[in-house]
There are 2 protein chains.
Amino acid sequence: MQNQSTKNSADTLNITLTDRLFDSLQRAIVEGEIPQGSKISEPELARQHGVSRGSLREAIARLEARKLVERKPNLGARVVTLSYEQLIEIFQLREALEGMSARLAAQNMTEMEIEELQALLQQHGDQIAEQHGQAYFQKQGDLDFHYRIVQGSKNKQLIALLCNDLYQLLRMYRYQFGMRSKRSQQAYEEHHYLINAITARDAEMAELLMRQHIRSSRRNVEAVFLEQL
Amino acid sequence: MQNQSTKNSADTLNITLTDRLFDSLQRAIVEGEIPQGSKISEPELARQHGVSRGSLREAIARLEARKLVERKPNLGARVVTLSYEQLIEIFQLREALEGMSARLAAQNMTEMEIEELQALLQQHGDQIAEQHGQAYFQKQGDLDFHYRIVQGSKNKQLIALLCNDLYQLLRMYRYQFGMRSKRSQQAYEEHHYLINAITARDAEMAELLMRQHIRSSRRNVEAVFLEQL
DNA sequence: AAAAACAAAAGTGTCGACACATTTAAAAAT
DNA sequence: ATTTTTAAATGTGTCGACACTTTTGTTTTT
């Protein structure tokens, strides 16, 4: 058996260069540091990060899989361009997926997890009372809440899809569109209804409420967009 | 301007080596030619296909994104191992996603597309009458039908997710588990109800029927699995 | 002067080689 | 003989180089 200091602690937590690159680029893209629609020059980016093109390419391939960049053969990769239409499509996806998540969460969350979720919501309530709806914490809080419910579904496919893929795109929209929410108070209340349904193990109701919650969130976005014109 | 024979016809239909490799490997995995759970040796596979490891690696990365292989740093890639639990999870995903697809299809399909769908279903009916439910055509037909409805949703996110990612996994299950369906007749009828709802542009009903259709398909799978024990 | 043809520059696709990690096999120690 | 150490072999991660494509800039042609 090998020495413990060289051997990796438990499982394979071996972080590869490509992993770090991917994380770094994903953050940069989501936060708009690399602007949407901009072309990615492999030689330049590789030099900036001090890595070879090969490693960079693998990172880009992963970004492509998450739909954060689009690549065309021989033409190179571009950061995706966000659009109102796509955002609406994503809301439709979320309505379906998170609706199902809520249904499954009502069935599969442990009592412990439900209690923790209630505690989290309580915390959000305090924050709202204090600082009268500061946008950032609200949005982060909303995402936390949804995140936990997805985890609670215990469906690995759902979890991977929503938490890894879709939420990054959503975060990108939030960063880049601003997306001020005038409905933190209402969202908070809707979360309350949802948690009640889950506590009561009412799967049907949980799905219904989640879908309504996301739909009204979408309508809010639609309204914001319309008034921007 | 360049000569037309060397220049690619219209857009960029430039097929890269990695593309072909990916297609080839995906087919091999889905059809079980490369058995599930087996380790993928990069040098060996690269040699077999007469390509460099770099290209192969990019292809594997794509397979990983589609969850057809799992890769662990420094340990290499393995073809996924199919499990009953995962199959059930996939059915839950489908229920959510295809339910939404049907809803949107009822709203967004053109009259033309609906007619084509009806024609397709008619064709399936003929086949069933003729050859008293041959498994293969049934399954393929079922997939065709679902495929078109997803397309009809006009939601690009949904389409990419279902048609590119999820259906490949499903096909893999069908190839490798056999998955004899004793309900081709019933599935055919359920498709009929669905098409009626779509023709009537009843989105709510379309979603409901699709979800029920997939749920009963799932129950069939569950039953088959139980009797195998 | 505008369009076409050509040449140079930059970029992407593919490859082979090396460094490091893991696995396998052999040798040494108990 | 069993276990531990050591060494060889295999495999993955990363790199730099070359071939071919696309883009850019210049020259030629009308």
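Tutor: One definition before the counts: Ala, Val, Leu, Ile, Met, Phe, Trp, Tyr, Cys and Pro are nonpolar, Asp, Glu, Lys and Arg are charged, and the others, Gly among them, are polar. Also, the model is predicted.

Student: Fine. By class, what does the surface near DNA strand D have?

Tutor: That surface has 10 polar, 6 nonpolar and 5 charged residues.

Student: Which of the 21 residues come nearest?

Tutor: Thr16(A), Leu17(A) and Ser52(A) from one chain, with Arg53(B) and Arg57(B) from the other.

Student: Which phosphate contact uses a side chain?

Tutor: One is at Asn14(B), where a side-chain N or O atom is 3.3 Å from a phosphate oxygen of DNA strand D. Backbone atoms take part too: a backbone N or O of Glu42(B) is 3.2 Å from a phosphate oxygen, and a polar backbone atom of Asn74(B) is 3.2 Å from one.

Student: Which elements give two or more residues to that surface?

Tutor: In chain A, α1 (17-30) and α3 (53-65); in chain B, β1 (39-40), α2 (42-49) and α3 (53-65).

Student: Switching to the fold. How many helices and strands in chain A?

Tutor: Chain A has 9 helices and 3 strands, in the order α-β-α-α-β-β-α-α-α-α-α-α.

Student: What share of chain A is buried?

Tutor: Of its 229 residues, 48% are buried. Chain A exposes about 11,700 Å², with 50% of that from carbon and sulfur atoms.

Notes
Residues are numbered from 1 along each chain as its sequence is written. Chains are lettered from A and ligands numbered from 1 in the order in which they are written. This is a predicted model: local features need pLDDT of at least 70, side-chain atom pairs count only at pLDDT 80 or more; totals for chains, interfaces and linings use all residues. Side-chain values use heavy atoms; hydrogens and water are left out. A residue is near a molecule or strand if one of its heavy atoms lies within 4 Å of it. A polar contact is a pair of N or O atoms within 3.5 Å; within protein, one must be able to donate a hydrogen and the other to accept it, and residues adjacent in sequence count only if both atoms are side-chain atoms. Helices (H or I, at least four residues) and strands (E, at least two) are DSSP runs, numbered from the N terminus. Buried means under 20% relative accessible area, exposed over 50%, partly exposed in between (1.4 Å probe, protein chains only). Accessible areas come from the Shrake-Rupley method with a 1.4 Å probe; for residues, only the protein chains shown count as cover.
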